[in-house]
Amino acid sequence: MTNETGSILIVEDDPINRILLSTCLQEEGHTTRTAENGKQALDMLYSEHFDLVLLDLLMPEMDGFEVQRWIKTRPDLRNLLVIVVSAEEDMKSIVRCIEMGANDYLPKPCEPTLLKTRVKTILAMKRFYELAPCKGKILVIEDDPLSRKILSANLTEEGYTVATAENGRIGLQMLQEKPFDTVLLDLL
């Protein structure tokens, strides 16, 4: 497996969506496995290693919320990357996923270019944090409150000291007041 690709578990009850997601990611060189429900996904997570889980929310037997809760309570899986891919448009559900530890959310139907880009980015961030020789101080400059919260929570969980700024002006002021090892900057 190269640094640009990963092993991805797709948890999706709709067979057409499973095929579409899997094919799209395999085109990028990723290894994919599929589960048609939450219970099947848990069995696979017990026995196989994955870099990332694409998780549908609305499934029979065990929904995505239950799967995510189970993942985050397991010490060996707590840092497993999760992208929720769902037709659920209720903002409360989306926020709940992020608060439960999902790393991202993509609406269905999933636009292939966006899916590929998000997966590539999140796997690259994972590799970056795994290779970081020591934990340091990071300044996150991001105008979107939800994105700021997600980045801060994920980085803090990995052992970094994180400060956030809601815009470039505040970020520059913070940089003048104290040093940071890294700045994550939203360009828009």
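The side chains of Glu-12 and Lys-108 are joined by a polar contact of 2.7 Å. Keep in mind that this is a predicted model.

**Around Glu-12**
- With a relative accessible area of 2%, Glu-12 counts as buried because that value is under the 20% cut-off.
- Beyond its neighbours within four places in sequence, Glu-12 is in contact with several residues, including Asn-17, Arg-18, Asp-56 and Lys-108.
- Ala-35 and Glu-36 are also among the contacts of Glu-12.

**Ala-41 in helix 2**
- Ala-41 belongs to helix 2, which covers residues 38–47.
- Its relative accessibility is 0%, so Ala-41 is buried.
- Not counting residues up to four places away in sequence, Ala-41 touches Leu-9, Val-11 and Ala-35.
- Ala-41 and Ile-10 are 31 residues apart in sequence, yet their C-alpha atoms are 8.4 Å apart in space.

**The nonpolar cores**
- The largest nonpolar core has 28 residues, and Leu-9, Val-11, Leu-45, Val-53 and Ile-71 touch the most other members.
- At least two residues of this core come from each of strand 1 (7–11), helix 2, strand 3 (52–55), helix 3 (64–73), strand 4 (81–86) and helix 4 (91–99).
- Another core, of 16 residues, lies apart from this one, and Ile-8, Cys-24, Leu-25 and Ile-122 are among its members.
- Leaving aside neighbours within four places in sequence, Leu-9 has contacts that include Ala-41, Met-44, Leu-45, Phe-50 and Val-53.

How values were computed: Residues numbered from 1 in each chain as written. Predicted model: local features only at pLDDT ≥ 70, side-chain atom pairs only at ≥ 80, totals over all residues. Heavy atoms only, no water. Helix = DSSP H or I, 4+ residues; strand = E, 2+ residues; numbered from the N terminus. Buried < 20%, exposed > 50% of the residue type's maximum accessible area, 1.4 Å probe, protein only. Contact = heavy atoms within 4.5 Å. Core = buried A, V, L, I, M, F, W, Y, C linked by side-chain atoms within 4.5 Å. Polar contact = N/O pair within 3.5 Å; in protein donor to acceptor, adjacent residues only side chain to side chain.
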